[in-house]
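Trainee: Could you take me through one part of this structure slowly? I would like a close look at the sheet and what surrounds it.

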Amino acid sequence: MRIDSSFNFNHKNYLIKLLLTLFFSVLAFRLLFFQSLPTLTESQTPPQTSSSLLSDLQQLPLQNQLSPTDTGKCDYFNGDWVPNPLGPIYTNETCDLIESHQNCMKNGRPDREFLYWKWAPTDCELPIFDPQRFLNLMRGKVWALIGDSISRNHVQSLLCTLSKVEKAVLVYHDEGYKSKSWHFPLYNFSMSVIWSPFLVEAAIFEDINGVSSSEVELYLDKLDSKWTDQYLNFDYIIISTGKWFVKSAIYYENDTILGCHGCSSNKNLTDLGFDFAYRKVLKNIFNFIVSSNHKGLILYRTSTPDHFENGEWFSGGTCNRTEPIKEGEMEIKLLLRILRDIELEEFKKAASKASKNGVNLKLADFAPLSLLRPDGHPGPYRQFQPFAKDKNAKVQTDCLHWCLPGPIDSWNDIIMEMVVNG
């Protein structure tokens with residue numbers, strides 16, 4: 001059978017044109033489609049879009065779906081508080097390790113809405129803290145939280161969360177129960193909290209309510225041996241200081257008085273300002289850390305904000321809010337901003353040296369996300385049933401520490417990811 005050559009040529013020509021048309025149509029569609037998508041490293045949460053587009057997005061190759069967490073670029077500290085219908089992993093009834101001043105539910109706090117939020121970073125998913133996974137990872141390890149009463153607040157949060165798997169056994173406490181150590185026998189895992197509010201040697205003259213009878217005597221060049229003597233024994237450390245430096249103090253260096261901050265005029269000393277002392281102490285602390293040859297992970301936690309409104313703790317300040325706020329609704333107070341600026345500046349210098357020396361030093365910057373939770377403090381419920389006898393009773397409020405359970409539990413979600421991702 002004879003095939004007509006003109007027909008064969010025309011047929012091939014038609015197929016070529018058809019293929020070229022399909023090729024350029026697909027190319028145009030792909031260009032239009034990808035230009036319309038956000039960069040996935042800028043926002044893991046897709047914008048409001050159609051279900052078909054979401055379906056197409058899910059079919060993209062895995063490398064195009066990587067979040068900043070996957071690429072090591074997640075900013076855990078930039079985000080928003082979102083509703084969490086599941087609520088906390090523990091309650092004050094399931095955990096008996098909560099100190100009375102943070103046991104807001106037992107003390108009669110009437111609202112519960114503040115318990116149903118979780119922190120959600122803008123650029124990545126943040127899983128809820130998994131106590132079983134954490135304990136498996138920490139077999140044979142030793143943790144220490146070093147600092148002031150916020151560190152004690154935080155260690156209770158960790159212990160209560162881990163108690164869902166195994167309850168810790170208290171194996172040590174100092175005379176005032178401010179420094180403690182616990183052990184998890186099934187995992188041979190230990191956790192300590194070391195009370196050292198200045199991280200350097202200090203003589204402190206105040207009662208349980210923070211009322212001082214004399215200025216603090218602060219030795220700027222002498223790190224507190226309570227933590228430095230044990231430092232190399234800890235595999236993981238969360239270290240912090242801050243608010244205590246605002247207190248009136250007399251400053252020493254080389255056992256000689258340098259000056260003071262807020263001291264009485266009859267002492268005839270130069271007022272150097274708390275910022276002077278804070279920077280000098282942080283320099284000494286970071287110099288110790290970066291030259292220590294420590295082989296574990298060290299997290300420096302930034303100072304966290306208080307939320308006293310219409311006054312301070314000593315002048316009738318309150319914190320009566322019942323839900324999170326949005327960024328920009330409340331400014332960091334000037335004193336904390338000064339502390340924070342010094343922390344970030346000195347940490348940046350130290351991080352560069354630490355990297356060169358092989359010391360794993362990271363920043364746990366909980367200040368921005370904590371600022372958005374004025375609802376998470378005990379307020380008047382730092383004491384048991386404060387209004388049981390008088391609904392108008394005047395009581396001391398606590399707008400610095402955190403209810404347990406409460407917003408501070410979300411710190412553990414971030415710490416878990418920082419530990420897992422090195």
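Mentor: Happy to. Let me start with a term we will need: two rings of Phe, Tyr or Trp count as a pair if their centres lie within 6.5 Å, and planes over 60 degrees apart make the pair edge-to-face. Please keep in mind that this is a predicted model.

Now to the sheet. Seven strands form an open sheet in the order S4-S5-S6-S3-S9-S12-S13, and their pairing is mixed. Strand S4 (169–173) and strand S13 (360–364) are the edge strands; each has a single partner, so one side of each has no neighbour in the sheet. On average, neighbouring strands are turned by 15° against each other, direction ignored.

Look next at strands S5 (residues 180–184) and S6 (residues 189–195), which run antiparallel and are joined by five bridges. Within that pairing, His183 has Ser190 in S6 as its bridge partner.

Helix H6 (residues 274–290) touches strand S9 (236–239), strand S12 (297–301) and S13, and its direction makes about 170° with that of S12. Helix H9 (residues 409–420) lies across strand S3 (142–147), S9, S12 and S13, at about 145° to S12.

Here the rings come in. The whole structure holds 20 aromatic pairs. One of them joins Phe134 and Phe189 edge-to-face, with 5.9 Å from centre to centre and 75° between the planes. Phe134 sits in helix H3 (residues 131–137) and Phe189 in strand S6, so this pair ties together parts that are 55 residues apart in sequence. Both Phe134 and Phe189 are buried.

A second pair to find is Trp227 with Phe288: the ring centres are 5.4 Å apart and the planes stand at 90°, so this pair is edge-to-face as well. Trp227 belongs to helix H5 (residues 225–228) and Phe288 to helix H6, 61 residues apart, so the pair links distant parts of the chain. Trp227 is buried, with a relative accessible area of 0%, whereas Phe288 is partly exposed at 27%.

Ring pairs also build a cluster, made up of Phe129, Phe134, Trp143, Phe184, Phe189 and Tyr236.

Finally, have a look at helix H4 (residues 149–162). Asp148 caps the N-terminal end of H4, with a side-chain oxygen 3.0 Å from the backbone nitrogen of Ile150. In H4, 14 of the 14 residues are buried, so the helix is largely enclosed by the rest of the structure.

Terms used
Residues numbered from 1 in each chain as written. Predicted model: local features only at pLDDT ≥ 70, side-chain atom pairs only at ≥ 80, totals over all residues. Heavy atoms only, no water. Buried < 20%, exposed > 50% of the residue type's maximum accessible area, 1.4 Å probe, protein only. Helix = DSSP H or I, 4+ residues; strand = E, 2+ residues; numbered from the N terminus. Polar contact = N/O pair within 3.5 Å; in protein donor to acceptor, adjacent residues only side chain to side chain. Pairing = 2+ DSSP bridges. Axes fitted to C-alpha atoms, helices over the stretch in contact; angles between N-to-C directions. Contact = heavy atoms within 4.5 Å. Phe/Tyr/Trp six-rings, centres within 6.5 Å; stacked < 30°, edge-to-face > 60°.
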